[in-house]
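Student: Please take a close look at one part of this structure with me. I want to follow how its strands pair.

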Amino acid sequence: MRKLKIGMISFAHGHAFSYFDALNAMPEVEVAGIADEQKDRVAQITETYGISYYSTAEELLRTDLDAVVICSENSRHAELTIASAKAGKHILCEKPLGISTAEMEEMITVCRDHGVQLMTAFPCRYIPAVVQAKEAVDRGEIGEIIAIKGTNRGSMPGGWFVDKKLSGGGAVFDHTVHVMDLMRWFLGSDVREVFAYADTRFHELDIDDAGMVHVRFENGVFAVLDPSWSRSKTFPTWGDVTMEITGTKGVISIDSFAQKNEVFSDVTGKAQWSYWGDNMDEYMIRGFVDALLGGKPVPVTGEDGLKAAAVGLAAYESAQAGKPVVLSSFL
């Protein structure tokens, strides 16, 4: 059996550790190298599993990899994706795909021109409750969708996430993309108009931690999303992903992380949620690997990443202008 040789570029984003666990557990995958400018961030992994370490992405990309997984700061997604594409490597890039429409369009174009696939990391598509709801909608169980109300409320992550030069934006940008991608996926339609609010309400920051994003899709459906970093330090976990989908024949409610046990411990000093549901990161990584090994298109594309991130960018434009913003077509 041919093994797919995958390298990982940067563990700046915490999701990299979960993605590594998923890759490392697959017999058809070899994690052939890890590049990170902060050696101590990945030393335990490279030393424990005997994986080659590289101090720069350029060194890693000169090796005979098939693909890379990029989990850097958002501001570096474009440069690392473009360099990887020019080196002939397929790419799974952490969300948001980029921090400007222009750079995301360039990422997609360069990947296309060099014959490599670009996948955006949207693991929420693989949450069991989301998958089951999508199947129910596709069967017509709630008729035609009229409106969607969603939340992706989280805890303030700190670090580079609150540095706009590195992140591209605060809560509204960080947490709009996941659920906006789900809404696009359920509807099979793109966002045409955005009206949003963004502000700093929960923490002492120089970046937004609160917002409401209202959108109108090309097919006429209206939706609203709360992407705020409004979960306190004592909240059992980092946040939530929910959707209430209203149709002409019924309503579907999704609580993506409902498969949990509630744990109350004096050791931790707060309640905790212990999950027993399926691992969405594992399923997403499996989708990426299966597509490459099978010579098939990746299940979540760069275009998907662009269109979700463009809503977050338009939300800031709308919030600043105090009026709706119409999105132009991309690509």
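Tutor: Charges first: the mean positions of the 31 positive and 46 negative charges of the chain lie 2 Å apart. Lys and Arg count as positive, Asp and Glu as negative, without His or the chain ends; each charge is placed at NZ of Lys, CZ of Arg, CG of Asp or CD of Glu. The model is predicted, so local features need pLDDT of at least 70 and side-chain atom pairs 80 or more, while totals for chains, interfaces and linings use all residues. Numbering starts from 1 along each chain as its sequence is written, and side-chain values use heavy atoms, without hydrogens or water.

Now the strands. The chain has ten helices and 15 strands (DSSP runs numbered from the N terminus: helices are H or I, at least four residues; strands are E, at least two). Two strands pair if DSSP finds at least two bridges between them.

Start at β11, residues 242-247. Six bridges pair β11 with β7, residues 145-151, in the antiparallel sense. Here Thr246 in β11 faces Ala147. Strand β11 also runs antiparallel to β12, residues 251-255, over five bridges. In that pair, Ile245 stands opposite Ile252. A hairpin of three residues links β11 to β12.

Compare the open sheet. Its six strands follow the order β3-β2-β1-β4-β5-β6, with parallel pairing. Strand β5, residues 90-94, runs parallel to β6 over four bridges. There, Ile91 has Leu118 of β6 as its bridge partner.
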